[in-house]
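Subject: Structure for you to look at

Hi there,

Have a look at it first, and then read on for what turned up.

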Amino acid sequence: MTVSSPPLRSYVTQYHRLFQALGAIDLNFLTRRPDRFEAAQKALDRLCDAIAEGTRPSVDIDRLLAHFPHRLCAERRDTRQLNKEQMDRLGLDLDTFDGPEFRRLFELWKNAGDDAVRTEFAVEHGVQKPLRVNFTACILEHDYDLFGTLQTAS
């Protein structure tokens, strides 16, 4: 399999949910050419990064938590301590973080702080730890072409 060909991409894409559920996997890369391993490692890293990007929630939890102290100032009608940039951001964030879910998280933050909101957010949005992949190369010493290739086998 050449690294630029679809098999590695297809394999990782097809099984990424299983891999994510497991949290850590050992993946053996079989090749006859040692120079392909480094390229495959880079391709796998890019694929895992792309899959992780696609599974992240669209709400930036760090931005949300930075917004809450400013929102509290606005709620108390005491925005004198906020500078112009913070006031501008507050206006944008009040629109962005509007709705019952954000009001509930804001109340949770007021009562229990950042860690409680992070935990609640992670549970609700299925945020998972990054996938750990132990990627190992196995260099095949013999030519197995007499059995055909994945691309030609059916």
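Predicted model: local features only at pLDDT ≥ 70, side-chain atom pairs only at ≥ 80, totals over all residues.

Residues are numbered from 1 along each chain as its sequence is written, and side-chain values use heavy atoms, with hydrogens and water left out.

Helix H3 itself covers residues 61–75. Helices here are DSSP runs of H or I with at least four residues, strands are runs of E with at least two, and both are numbered from the N terminus. The 15 residues of H3 reach 20 Å from the first C-alpha to the last, close to the 21 Å expected (1.5 Å times one less than the number of residues). H3 also bends by about 30 degrees at Phe68, and Pro69 follows within four residues; the bend is the angle between axes fitted to the seven residues ending at a position and the seven starting there. At the start of the helix, a side-chain oxygen of Asp60 comes to within 3.0 Å of the backbone nitrogen of Asp62.

Which residues of H3 are buried? They are Ile61, Leu64, Leu65, His67, Phe68, His70, Arg71, Leu72 and Cys73. Buried means under 20% relative accessible area, exposed over 50%, and partly exposed in between, with a 1.4 Å probe and protein chains only. Across the protein, buried residues make up 26% of the 154 residues.

Zooming out, the protein has six helices and two strands, and from the N terminus on the elements run α-β-α-α-α-α-α-β.

Now for the salt bridges, where a side-chain nitrogen of Lys or Arg lies within 4 Å of a carboxyl oxygen of Asp or Glu. The count by this rule is 10. Some examples:

- Lys42 pairs with Glu38, with the closest N and O atoms 3.4 Å apart. Both sit in helix H2 (residues 35–55), four residues apart, about one turn of the helix. Lys42 counts as partly exposed because its relative accessibility is 45%, whereas Glu38 is exposed at 52%.
- Asp88 pairs with Lys84 at 2.9 Å between the closest N and O atoms. These two are also four residues apart, in helix H4 (residues 84–96). Asp88 is partly exposed, with a relative accessible area of 43%, and Lys84 is exposed, with 63%.
- Asp98 and Arg103 meet at 3.5 Å, N to O. Asp98 counts as exposed at 52% relative accessibility, and Arg103 as partly exposed at 41%.
- Arg63, Arg89 and Asp93 are linked in a network of salt bridges.

An α-helix has 3.6 residues a turn, so residues three or four places apart point the same way.

Finally, the surface. Tyr11, Tyr15, Leu18 and Leu22 form a nonpolar patch with about 390 Å² of accessible area together. Patches take residues with over 30% relative accessible area and no salt bridge, joining like charges within 9 Å and nonpolar side chains (Val, Leu, Ile, Met, Phe, Trp, Tyr) within 5 Å; the areas come from the Shrake-Rupley method with a 1.4 Å probe, and for residues only the protein chains shown count as cover. Leu22 belongs to helix H1 (residues 6–22) and counts as exposed because its relative accessibility is 55%.

Best wishes

Technical notes. Polar contact = N/O pair within 3.5 Å; in protein donor to acceptor, adjacent residues only side chain to side chain.
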